[in-house]
Amino acid sequence: MKKRVLIVGNGYVGGYVFAQLNANAELEVTLESKATLDYTDEFYLREYMKEQRFDYLINAQGFTGRPNVDQAEVEKEACWKYNVQVPLMFSRVCKDLNVQPIHITSGCIFTGYDKAWSEADEPNYGVFNPDASFYSTSKHAFESVNDFGITIRIRMPFCDTLNDRSYITKFHKYDKLIIAVNSKTYIPDLVDFIELLVEEGRTGTDTVHFCNPKPLDTTSVVDTMRGFELENLNWQYVDFEELGCKANRSNCILDSTKVRTEYGFTLLDEMDALKKALAAITA
C-alpha cells in the first residue's frame, strides 16, 4: 500500500519536497498551502487528516519574513503563530492520529565558533539570549516544548536555480557582504533525505542537523561564484553594523555527523554542492 504524505507549506522548500516525492510511485502525496487549506484551524485540520488517513505530515510552512528575518521584528504575532503555535498543533494532532510529523526548521538557534554545534548541544541563540533575533527565538521556543516528530534543522538553503529564496540568489544580489563561515543546506540533498525517511518508514522523535559538511566562508563562495562567471561587480566586504539590520544574525557551524552515522545518508561537502548548483544555474 502506498504511503500517504501531507506536505504543509507550498513555499521554497515545500515546493521542492513535493516535486520529488510526487514523482515517487510508492507515495501518494498531497501539497497544501494557506490558500488551499486552513491548517491553522485545529478542528478542521484534525477532521481533514482523519478523512485522508495520512502516514506522514511534512511541516514546510513557517514565518521567515520578506525580504529577510528582520520582518519578524515587525510582525512578531505572525512569526510566533506560524513558527511556534501552528507546528505545536501539528505535533499534537499527529500524535493523536498516529501520523508521523517531520518538521523542517532552522539551525539558526546557535551562534559562535566555540565548536561545531551538535544536536546534543543546548541552543545558545534563542529564548534565553536577549540578543537573539525574534525569528531565532520563535524557532527555539517551538523546539523547547515540542515532544513529537523528527525535527530537521537547516541553514541558508540553496538549490540548482536562481530561486529568490535561495542563498545563492540572495548572495548574488547583495552588494555588501560580511566575512563569516556558516553552515548551509543544499536543497536537493535535503529532499533526498526526506524521501529516504518516508520510504524507510522512519517514525518517532529525533532532531537532526542537515547541513553540508566543510562549510565555506564568504570569500570562498565569492571566488567559486566568480569561477562560474556569476558575480556582482558591486560586491564589497563590510562590518555587520554597516548593513543596518534590525535584528542580529546567527553565525555558526553545525555538526551533521549524525545524518551519516545514524541515518546512513551521505551529504556532499559544501564546496561540491555549491559547484553542482552553480553548474546547473549557469548551464
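Which side chain does the side chain of Q61 join in a polar contact of 3.3 Å? The partner is the side chain of N59, where a polar contact means a pair of N or O atoms within 3.5 Å, of which, within protein, one must be able to donate a hydrogen and the other to accept it, and residues adjacent in sequence count only if both atoms are side-chain atoms.

Before I go on, a word on the source: this is a predicted model, in which local features need pLDDT of at least 70 and side-chain atom pairs count only at pLDDT 80 or more, while totals for chains, interfaces and linings use all residues. Residues are numbered from 1 along each chain as its sequence is written, and side-chain values use heavy atoms, with hydrogens and water left out.

Back to Q61, which sits in the loop between β3 (56-59) and α3 (76-97); helices (H or I, at least four residues) and strands (E, at least two) are DSSP runs, numbered from the N terminus. The side chain of Q61 also reaches the backbone oxygen of Y82 at 2.9 Å. If we leave aside neighbours within four places in sequence, Q61 is in contact, meaning heavy atoms within 4.5 Å, with residues including V8, Y39, Y82 and F90. With a relative accessible area of 7%, Q61 is buried, and for these labels buried means under 20% relative accessible area, exposed over 50%, and partly exposed in between, using a 1.4 Å probe and protein chains only.

The loop between β3 and α3 also holds P67, and the peptide bond from R66 to P67 is cis, with omega near 5°.

Finally, the cysteines: how many disulfides does the structure hold? There are 0, a disulfide being a pair of cysteine sulfur atoms within 2.5 Å. The sulfur of C211 is 7.7 Å from the closest cysteine sulfur, which belongs to C252, and so that pair is too far apart for a bond. C211 is buried, with a relative accessible area of 1%, and C94 is buried too, at 0%.
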